[in-house]
Amino acid sequence: MLFSEDDTIIAPLTAPGHGAVTILRLSGSKSLDLVLTHFFNKSFNRFRSLLSHYFYYGFICDEGVSIDEVMVVYMASPKSYTREDVVEIHCHSSVAVVRNIIDIFVRSGVRIAEPGEFTYRAFKNGRIDLSHAEAIADLIAAKSTMASQLALRQMKGALSGRVYEFKDTILSMLALIEAYIDFPEEDIDKHHALSIQRDCELLLSKVEETLSGYDEGKILREGFSLLILGKPNVGKSSLLNLLVGEDRAIVTNIPGTTRDIIQETITLHGYPITVIDTAGIRDSDDPIEQDGVSRAKNQIGSADVILYMVDGSQPFDISIVQDIKLLPADRFIFVVNKCDKPDFDFPESQISNFINFSISVKENTGVEQLINGILDKLNLNSRHHDESVVLSDRRHKDILVRCHAFLKDFIEAFESGHSDEFLALHLREALQALGEITGETTPDDILNDIFGRFCIGK
């Protein structure tokens, strides 16, 4: 494994130099003894002991020299984050102070914690399972309120609870199958056969239901990209500025002002969105503008939703038809801007076959309806996920897809009259797969990868 579990480790939980206080955490069997060696009260007498889960005020000292005025809390095993003895030192956030305190303990044999090592110890010591650990990382990295709520539900056991429910059903089926393996002269009676088949079919439907929420969960966790395309001067940059809430892109009446990709990450209706403004699509002799147009077209393949904007106050440009042929219909919305203009003319005959919205960026008219249309395009508006299990991690999805395949194999083998040993094999494979979500059967290289993505101090 990546980490040595016998060492006492230390790391800052909060970044030094960016606030008033930094928290240093030590975890391991020597934590308390080492801290007591350097922790003195206001009379500069060394503390001899600390009660668990109480704060103590004093000074960290090294060879009789006071390093900092601190608060210290000791959390005795197993009632700590790692289920080991843990001591947290709340010191001033000076980079020099933090470095000096860490150096004191490193000289005493404490090791600097690796990224994710505290959470890894919590996992290995049985305080949390692997899905809880991954949810902690997701909560730290959450880009929106919805993403943080999703991660918090996973931390409370929403996903692992569902997985353990699946495992219980499989174990019940497996116990029945193995009972018949122990008595080979007996055939599975009709009542038991119907029960096994019914349980497996119900389980398959629950796995499919869980998998069906992945697209939404992925968007909640990672967000989605919104690409704005169109001819020059139709209002693309103005729409970006309106969505962002500030003048992020330069807006002028001069065609070709935007020549490069401009990206901004915002939150709309709780979803993290990367809005991408692009150069106006047109033929040009300017090599810089040509490059901007090429970059705009290159964004089409990776964008989740594409807005193609036109200026409704101008005659419809027939070359727009050629532009539209580049766009995937399932990710494309037509936006007709400048509906506030007296000469506005909605090009119904040209765009009636596409999802479309009339807006005025200048007057902020129709923009909320457009946002709802974008969410509808991604099937997000109809979701009610406050208490549901929403799958958001690709690793979890792949595991459930494998589990589903093993269960399908089991049903087919069961209906074909295969041997009990063969049936039990399919169920054990399904259990093995589910164990990779909770961490019971996860290979070490996967564990290394998961915890290696954590920040230091967590």
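Modeller: We may begin with R111, which forms a salt bridge with E117; the term denotes a side-chain nitrogen of Lys or Arg within 4 Å of a carboxyl oxygen of Asp or Glu. This is a predicted model, in which local features need pLDDT of at least 70 and side-chain atom pairs count only at pLDDT 80 or more, whereas totals for chains, interfaces and linings use all residues. Residues are numbered from 1 along each chain as its sequence is written, and side-chain values use heavy atoms, with hydrogens and water left out.

Biologist: How far apart are the closest N and O atoms of R111 and E117?

Modeller: Side chains of opposite charge can pair when their charged atoms come close. For R111 and E117, the closest N and O atoms are separated by 2.7 Å.

Biologist: Is E117 buried or exposed?

Modeller: Buried means under 20% relative accessible area, exposed over 50%, and partly exposed in between, with a 1.4 Å probe and protein chains only. R111 has 23% relative accessibility and therefore counts as partly exposed. E117 has a relative accessible area of 0%, so this residue is buried.

Biologist: Which parts of the chain do R107 and D62 link?

Modeller: The side chains of R107 and D62 meet in a salt bridge of 2.7 Å, N to O. The two residues are 45 residues apart and the pair links distant parts of the chain. Helices (H or I, at least four residues) and strands (E, at least two) are DSSP runs numbered from the N terminus. In these terms, R107 lies in helix 2 (residues 95–107) and D62 in strand 4 (residues 55–62).

Biologist: Which residues do salt bridges that share partners join into one network?

Modeller: The structure holds 18 salt bridges. Those that share partners join into one network D7, E84, R111, E117 and R121.

Biologist: With which residue does the side chain of S360 make a polar contact?

Modeller: S360 is placed in the loop between strand 13 (356–358) and helix 13 (367–377). It is buried, because its relative accessible area is 1%. A polar contact is a pair of N or O atoms within 3.5 Å; within protein, one must be able to donate a hydrogen and the other to accept it, and residues adjacent in sequence count only if both atoms are side-chain atoms. At 2.7 Å, the side chain of S360 makes such a contact with the side chain of D340.

Biologist: What separates the C-alpha atoms of I300 and F332?

Modeller: I300 lies in the loop between helix 10 (287–298) and strand 11 (305–311), and is buried, because its relative accessible area is 8%. F332 is 32 residues away from I300 along the chain, and their C-alpha atoms are separated by 9.9 Å.

Biologist: How far apart in space are E165 and L203, C-alpha to C-alpha?

Modeller: E165 lies in helix 6 (residues 158–182). It is partly exposed, because its relative accessible area is 32%. In sequence E165 and L203 are 38 residues apart; in space, C-alpha to C-alpha, the value is 9.4 Å.
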